[in-house]
Amino acid sequence: MTVPQSPVRPSCTHRPTGDRPPTLAHVAALAGVSPATASRVLSGSAHVSPDARMLVEQAVERLGYVRRRAAPRTLGPGGSIAVVLCENSSRVFADPFFARLLAGVKRELEGGPQLVVLMVGRNEEWRTAAEYLRAGNTAGVLLVGSHRDHPLTMLNATVRVPVVLTGRPLAETRLPFVDADNRGGARAAVEHLVTTGRRAIGTIAGPSDMGPGVDRLAGYRAAAQDAGLNVSGLIGRGDFTQMSGEHAMNRLLERRPDLDAVVAASDLMAIGAMRALRRAGRRIPDDVAVVGFDDLPIARRVRPRLTTVRQPVEDLGARAVRELLGLVGGRSAPERGVVLKTKLIVRDSA
């Protein structure tokens with residue numbers, strides 16, 4: 001009887017010599033992938049193909065590789081990192097963005113300091129959070145989803161620990177930040193729609209008091225102007241939720257029945273827009289093309305599958321906490337914010 005061979009074939013060049021334990025480089029070489037891909041598999045990242053994941057897992061088993069945990073970082077008396085989510089708990093639990101961002105933060109802190117998560121949507125919550133942070137319970141703070149006039153945007157003036165923002169701040173502050181290229185992503189979405197022949201391209205913008213809402217709308221406007229499009233009556237607003245996207249789409253259809261495409265500033269708003277379009281008897285993408293922003297897992301499950309702008313949410317969380325740990329360790333704050341690339345993912349809806 002013939003025994004099926006595993007896709008991973010051992011080779012002496014892929015094994016450590018002597019008594020040295022196998023390393024990540026040995027795993028990557030045996031699997032035939034890059035060390036970065038092997039690392040993503042071992043950290044549980046979703047952005048790995050099934051074939052690559054299988055090869056890496058087989059290589060780990062062949063080599064008996066054991067991943068080493070990083071030695072815990074010493075952060076002083078307040079030895080934890082606080083992630084402050086400037087949203088109500090209902091929004092945090094409903095939007096997968098926050099779970100993905102926290103997964104990236106936790107991945108970067110693996111084997112290191114404790115992670116504390118605070119949700120500060122209501123006034124009494126931010127007061128309690130501010131008191132907790134001022135008490136010296138943490139070594140650093142990661143501020144997520146801050147609005148222009150949110151009280152915690154002035155956090156650095158009231159606590160004596162480093163603070164890093166996720167998202168470009170709109171309020172006057174010198175706090176360092178890590179963000180995605182929201183303007184470039186929105187511009188790429190509009191340019192794609194123009195190349196496919198769409199001319200009445202609307203948008204469902206995010207909140208005007210948040211960096212992503214402002215920047216994605218700016219990217220839409222810039223691309224529309226470059227293409228010579230008339231955007232009169234084609235700009236709606238939502239709050240990144242599915243229901244707000246549905247309501248905004250209804251209003252856009254009332255103002256501009258000739259609308260033939262829409263760029264939503266979040267995948268959830270895009271899915272709400274798709275629901276409104278179906279109720280109005282509009283076919284997607286034949287009558288109206290739809291593009292979202294985020295590339296949440298649900299973008300691949302809806303029908304038609306959602307064309308969207310992918311932002312590296314997990315990497316955003318990981319990079320932000322990496323910058324924060326650098327400040328905790330005494331490194332100087334960067335002069336400018338860190339901006340990660342976005343990418344248009346074309347599927348069936350546009």
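The model is predicted, so local features need pLDDT of at least 70 and side-chain atom pairs count only at pLDDT 80 or more, while totals for chains, interfaces and linings use all residues. Residues are numbered from 1 along each chain as its sequence is written, and side-chain values use heavy atoms, with hydrogens and water left out.

Six of the six residues of strand 9 (residues 289–294) are buried, so this strand is largely enclosed by the rest of the structure. Helices (H or I, at least four residues) and strands (E, at least two) are DSSP runs numbered from the N terminus. In a regular strand the side chains alternate between the two faces of the sheet. Both faces of strand 9 are covered, with A289, V291 and F293 buried on one side and V290, G292 and D294 buried on the other.

## Partners of strand 9

Two strands pair if DSSP finds at least two bridges between them. Strand 8 (residues 261–264) runs parallel to strand 9 and is joined to it by three bridges, and V262 has V290 as its bridge partner. Together with helix 10 (residues 267–279), these two strands make a right-handed β-α-β unit, where right-handed means that, with the strands pointing away from the viewer, the path from the first strand over the helix to the second runs clockwise.

Strand 10 (residues 307–310) is also parallel to strand 9, through four bridges; V291 is partnered by T307, and D294 by R310. Strand 10 is in turn joined by three bridges to strand 12 (residues 343–345), and these two run antiparallel, with T308 standing opposite I345.

## Helices 1, 2 and 3

In helix 1 (residues 24–31), the residues H26, V27, A28, L30 and A31 are buried, and the buried residues of this helix pack against helix 2 and helix 3, contact meaning heavy atoms within 4.5 Å. Helix 1 is followed by G32, which has a positive phi near 75°.

The axes of helix 2 (residues 35–42) and helix 3 (residues 50–63) come within 10 Å and cross at roughly 85°; axes are lines fitted to C-alpha atoms, for helices over the stretch in contact, and angles run from 0 to 180 degrees between N-to-C directions. Helix 2 and helix 3 are therefore roughly perpendicular to each other, a term for angles of 65 to 115 degrees. In their contact, T37, A38, V41 and L42 of helix 2 meet A52, R53, V56, E57 and V60 of helix 3.

Methods:
Angles under 35 degrees count as roughly parallel, over 145 as roughly antiparallel, 65 to 115 as roughly perpendicular and the rest as oblique. Buried means under 20% relative accessible area, exposed over 50%, partly exposed in between (1.4 Å probe, protein chains only).
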